[in-house]
Amino acid sequence: MNHDELAAFVTDLADDLAPAAVESGSGVGALLASAEAIVDDKALLGVMVTAVRMGNIASYLLAAATARAEKIGIPVRHRLKNGRDLLRELPLAPATINRVARLAQHLDDLPNLVREVRDGDLTVDHADAVIRGLDHIATRMGADGFDDVRAKTATTLLAHARIDQPAQVMEKARELGHELAPLDPPSTPPADNPSLNQATVSRTDEGRVTLEADLDQLSGEKLHTALDALAKPIPAPDGSPDPRSRSQRTADALVAMISSYLASRNRPTVGGIVPHITMTVPLPTLVPDSPLGQTHAARLGFTGSVSAETAREIACGNTEVTALLTADSVPLDAKRTQRFVTGTLRRALEARDGGCQFPGCGTPPSWCEGHHIQHWADGGETNLKNTVLLCSLHHHTYIHGKGWNIQIGFDGHPWFQPPEGGDWIRCHNRRTLTLANHAAA
């Protein structure tokens with residue numbers, strides 16, 4: 001097809017796809033208009049298959065046009081660097097631009113792959129996975145060693161692309177990279193290089209904290225292993241499924257890991273001092289009826305001001321928190337006898353509860369916090385009759401968040417009541433002593 005024929009083809013296609021053509025049902029518009037009227041299953045599925053093939057062919061056409069534009073110097077005449085910059089002038093997502101640009105670079109040296117995209121049999125996503133897979137293997141082997149096996153490797157990856165998803169094609173490429181990489185000198189893939197690891201922790205304008213990390217494969221495996229058990233669904237007390245999404249459970253698991261680390265006595269010190277969360281808070285914020293004056297905002301060491309409700313929740317029983325109670329910037333000792341559940345009391349609490357006592361949970365005690373049943377700010381004492389072990393999820397989400405009630409029963413153990421009232425439920429480690437039909441039983 002010469003320049004004039006290509007121009008005529010593009011013009012005809014544009015005319016067929018114009019709104020007027022679609023409305024009148026002429027040209028390609030006839031196909032678009034008929035899709036809304038088809039009632040036969042086989043025919044409608046055929047339209048869907050045809051649409052996919054048309055999309056694949058269009059991707060090839062865009063890649064071919066991009067390669068041709070570079071060859072005849074269009075980017076330079078438009079003061080652009082290359083065909084990729086031309087694609088950026090089109091209404092395309094960045095990921096699509098990258099895939100099409102990479103395909104355009106390999107129209108000549110990967111003829112079998114390109115032909116399948118051109119014929120509509122392979123998506124540009126799958127073709128791109130093959131191209132990126134080949135680049136990965138070339139990086140592992142070196143340019144000279146890869147030349148001898150390039151054709152065979154491309155055939156292998158193309159075979160997988162016909163039946164697998166792009167992610168699986170890339171996984172096969174990584175496997176081949178491990179198999180083909182020379183032993184001497186050894187080749188370290190990016191996935192195995194911890195020196196490339198990066199992580200950022202930043203605070204949003206709303207005060208939330210976001211995490212971004214790029215880890216080597218082994219470090220990522222450790223992270224997955226650590227989070228997996230903690231992120232498993234926890235049924236509700238009535239036996240219904242855990243309402244949290246997978247991402248919510250993962251976030252809760254990450255917080256549980258951090259809380260357990262901060263509560264550990266055997267961790268690195270800073271200047272000989274074991275680090276704790278630092279909260280500076282006026283006494284009236286924790287004790288609303290204090291005679292010391294007006295409530296002011298509490299502040300955390302790294303993330304700034306917090307609400308009075310959050311400050312009181314933090315002071316409830318987090319062993320990893322050190323609260324500095326101040327009035328007019330003067331430190332105050334506002335403890336009745338002690339506020340945190342530590343030392344002998346903590347050991348007694350672990351012996352009595354043996355873990356999170358929220359019905360149906362049972363998280364080990366090392367992952368739990370001591371909760372004041374009657375809030376410390378309301379006059380509650382820090383003793384065995386006023387405390388209970390709870391994991392971070394049930395402490396902050398169910399007790400503080402949803403308003404579950406707790407009391408120490410006649411048997412000397414915690415009992416729980418749903419926020420809407422009703423019967424009291426035995427704690428987790430006493431759940432077998434009742435015939436109640438729910439998860440706590």
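**Close-up 1. Helices α4 and α8 are oblique to each other in this predicted model.** The angle at which helix α4 (residues 41-71) packs with helix α8 (residues 111-118) is about 130°, and their axes lie 7 Å apart; because angles over 145 degrees would count as roughly antiparallel and those from 65 to 115 as roughly perpendicular, the pair is classed as oblique.

**Close-up 2. Residues that form the contact of α4 with α8.** Helix α4 contributes Asn56, Ile57 and Tyr60, while helix α8 contributes Val114, Val117 and Arg118. By residue class, the contact of α4 with α8 comprises four nonpolar residues, one polar residue and one charged residue.

**Close-up 3. The largest cavity and its lining.** Of the three cavities of 30 Å³ or more that the structure holds, the largest has a volume of about 50 Å³. Its lining is made up of Ile234, Pro235, Ala236, Asp242, Pro243, Arg244, Leu393, His394 and Tyr398, a set that divides into six nonpolar, one polar and two charged residues. Both domain 2 (208-263) and domain 4 (341-440) supply residues to the lining of the largest cavity, with at least three drawn from each.

Note on methods:
Residues are numbered from 1 along each chain as its sequence is written. This is a predicted model: local features need pLDDT of at least 70, side-chain atom pairs count only at pLDDT 80 or more; totals for chains, interfaces and linings use all residues. Side-chain values use heavy atoms; hydrogens and water are left out. Axes are lines fitted to C-alpha atoms, for helices over the stretch in contact, and angles run from 0 to 180 degrees between N-to-C directions. Helices (H or I, at least four residues) and strands (E, at least two) are DSSP runs, numbered from the N terminus. Angles under 35 degrees count as roughly parallel, over 145 as roughly antiparallel, 65 to 115 as roughly perpendicular and the rest as oblique. Contact means heavy atoms within 4.5 Å. Ala, Val, Leu, Ile, Met, Phe, Trp, Tyr, Cys and Pro count as nonpolar, Asp, Glu, Lys and Arg as charged, and the others, Gly among them, as polar. On a 1 Å grid over the protein atoms alone, a cavity is a set of points where a 1.4 Å probe fits but cannot get out, and a pocket is an open set with protein on both sides within 12 Å along at least five of seven lines; lining residues have an atom within 4 Å of a point. Grid points are joined across faces, edges and corners, and a volume is the space filled by probe spheres set on the points. Domain bounds come from an automatic or database domain assignment.
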